[in-house]
Amino acid sequence: MNKKRIAIFASGSGSNLQVLIDHSTQNRLGGGEVALVVSDRPASLAVERAKRASILVVALRPADFPDKISYETELLRALEREKIDWIVLAGYMRLVGSTLLHAYPSRIINLHPSLLPLFPGKDAIGQAWAAGVKYTGVTVHFVDEGMDTGPVIAQETVFIEQQDTLETLTEKIHVLEHELLPRVVTKLMGEDSIETSAPERLR
Ligand code: GRF
């Protein structure tokens with residue numbers, strides 16, 4: 001059976017991208033494989049990681065296009081050329097527009113470092129820390145036109161202990177992300193559809 005071809009979108013350090021690349025090269029992404037990396041920042045470490053792994057990269061600066069539609073139309077050309085089935089946003093710091101959403105209905109997922117719907121948008125870990133909550137977590141969800149608003153697929157909780165600092169909390173979140181994202185992607189690639197699950201019951 002042909003593997004489902006996944007494009008990973010990443011803007012920054014790409015640690016989650018690296019985990020997915022590692023799973024893919026070790027044949028541990030179920031029926032899926034990482035076939036393409038897309039970045040809006042050609043100089044990012046994410047792009048460097050993809051090149052190191054000999055994965056095809058499309059790195060385009062949105063500022064080089066007159067508007068979002070033409071930027072995404074160019075991306076879509078590359079996605080279609082590479083016969084991409086699924087898109088995974090792993091630290092892609094932009095809102096996905098209607099061009100890609102219409103081309104990939106319910107086939108774009110995003111990783112977010114909070115228990116959505118709490119703390120959407122930028123610096124979710126810092127937002128949770130500043131709010132003084134006792135737990136936060138990680139969410140993988142389907143992408144819609146909103147900012148971190150699509151249906152939740154999976155969530156995991158991180159408890160904030162007395163001795164935690166923003167740095168230790170950030171580290172805990174990243175460890176959890178690196179475990180949850182490949183698990184969810186593997187499950188999605190092995191199934192035609194997936195039930196959206198309720199958040200883990202909180203203690
Ligand atoms: C992650 O925390 C992810 O949840 C958020 O952006 C961060 C990306 O980290 N959307 P990395 O680039 O994968 O290291």
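View 1. A polar side-chain atom of Asn 16 lies 2.8 Å from an oxygen atom of the ligand, a polar contact being a pair of N or O atoms within 3.5 Å. The protein buries 85% of the 370 Å² that the ligand exposes when taken alone, with accessible areas coming from the Shrake-Rupley method with a 1.4 Å probe. A polar side-chain atom of Ser 15 lies 2.5 Å from an oxygen atom of the ligand, and at Gly 14 a backbone N or O atom is placed 2.8 Å from a ligand oxygen atom. This is a predicted model, in which local features need pLDDT of at least 70 and side-chain atom pairs count only at pLDDT 80 or more, while totals for chains, interfaces and linings use all residues. Residues are numbered from 1 along each chain as its sequence is written, and side-chain values use heavy atoms, with hydrogens and water left out.

**View 2. The shell around the ligand.** The residues around the ligand are Ser 13, Gly 14, Ser 15, Asn 16, Gly 91, Leu 111, His 112, Pro 113, His 174 and Glu 177, where a residue counts if one of its heavy atoms lies within 4 Å. This shell divides into 2 nonpolar, 7 polar and 1 charged residues, with Gly counted as polar. Helix H1 (15-25), strand S5 (108-112) and helix H6 (166-190) each supply at least two residues of the shell, helices (H or I, at least four residues) and strands (E, at least two) being DSSP runs numbered from the N terminus.

**View 3. The largest pocket.** The space taken by the ligand is the largest pocket, a pocket being an open set of points on a 1 Å grid over the protein atoms alone, where a 1.4 Å probe fits, with protein on both sides within 12 Å along at least five of seven lines; a molecule sits in it if more than half of its atoms lie within 2 Å of its grid points. About 770 Å³ of space lies in this pocket, a volume being the space filled by probe spheres set on the points. The lining comprises 37 residues, of which Gly 91, Tyr 92, Met 93, Leu 111 and Pro 113 lie nearest the centre, lining residues having an atom within 4 Å of a point. H6 gives the most to this lining, with 4 residues.

**View 4. The loop between S5 and H5.** Pro 117 is placed in this loop, and the peptide bond from Leu 116 to Pro 117 is cis, with omega near 15°.

Methods:
Polar contact = N/O pair within 3.5 Å; in protein donor to acceptor, adjacent residues only side chain to side chain.
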